[in-house]
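Grab the coordinates and try each one before reading its solution.

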Amino acid sequence: MAAASPSSTESTRWQWENAVAGAVAGFATVAAMHPLDVIRTRFQVNDGRVWHLPAYNNTPHALFTIARYEGLKGLYAGFYPAVLGSSISWGLYFFFYSRAKQRYSTNRVENLSPGLHLAAAAEAGALVSLCTNPIWLIKTRLQLQTPLHGSRPYNGLHDALRTILKEEGWTALYKGIMPALFLVSHGAIQFTAYEELRKVATNIKSEKSNSEVAPEVLNSLDYAFLGATSKVIAILFTYPFQVVRARLQQRPNSNGIPRYADSWHVTKETARFEGARGFYKGITANLLKNVPASSITFIVYENVLRMLKLTRRDV
């Protein structure tokens, strides 16, 4: 059997470095921002006609109410599946994304057009959604558990998984998969915006310093700004899909009847009773969570990746 070529070995090592950097970034992000994720999820599903969720006036009121009546456990409901899902998702995303970029690049240089960046991000996002939807469904249900809910509460991720499989079957784990696949556009928009903004920022800083264009001219503050800006752009375009997915993933009532039949049912009911505003419920908590979170993610990702590259050079 022929030995792997140096270029092939280098390519594989680079892909796994992307995966490791992405997983570390995902964990750091979730640990810092999880309480806002709980608040966002509860706002998203509260259509004003549910009895098992408290009514919150705004994000600070929700934070105070959950902390007062449910404590730290309530603020960090669903934390374990969130950490697991985020770490797996970011790791797989950066891995699939880097592989797709490399495949689309004919000269092995990161000089892809915006269209190819979009295609690479969409491909990675679809694969990640198919792999992780069950984890996100369990996370959503754990976050929506309150003392007001009539059903027996899930006792963690494993109990939730067993109960769902027993009461609803394995297909229930893929509730919300259609809006999740549409949400692939979120990652595609964000990564495309990030890549293009990074090119612009790199060129500007390189011209000012009269040096060759290289990613190393950017610092952590630059990565924070680029990550936050690209995230805001993506959120404004795709947030309604998040609301539809969250509402589909709610636990059925005590009779086993789901609140919504499918994505179209959610869309019709939301538009009918809440109007356009209903599709943006919880967006304040979402922006507070995801804009700083995106900054943290890309700072950690770029710096871990740089550290791994330096370690590789020293070997």
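**Exercise 1: helix packing**

Helix H4 (residues 79-104) and helix H5 (residues 114-143) have axes that come within 8 Å and cross at roughly 165°. Work out how H4 is oriented relative to H5.

*Solution.* This is a predicted model, so local features need pLDDT of at least 70 and side-chain atom pairs count only at pLDDT 80 or more, while totals for chains, interfaces and linings use all residues. Residues are numbered from 1 along each chain as its sequence is written, and side-chain values use heavy atoms, with hydrogens and water left out.

- Helices here are DSSP runs (H or I, at least four residues). Axes are lines fitted to C-alpha atoms over the stretch in contact, with angles from 0 to 180 degrees between N-to-C directions.
- Angles over 145 degrees count as roughly antiparallel, so H4 is roughly antiparallel to H5.
- By class, the H4 contact with H5 has 21 nonpolar (Ala, Val, Leu, Ile, Met, Phe, Trp, Tyr, Cys and Pro), six polar (the others, Gly among them) and four charged residues (Asp, Glu, Lys and Arg).

**Exercise 2: a charge pair**

*Solution.* 

- A salt bridge is a side-chain nitrogen of Lys or Arg within 4 Å of a carboxyl oxygen of Asp or Glu. The structure holds 15 of them.

Methods. Helices (H or I, at least four residues) and strands (E, at least two) are DSSP runs, numbered from the N terminus. Angles under 35 degrees count as roughly parallel, over 145 as roughly antiparallel, 65 to 115 as roughly perpendicular and the rest as oblique.
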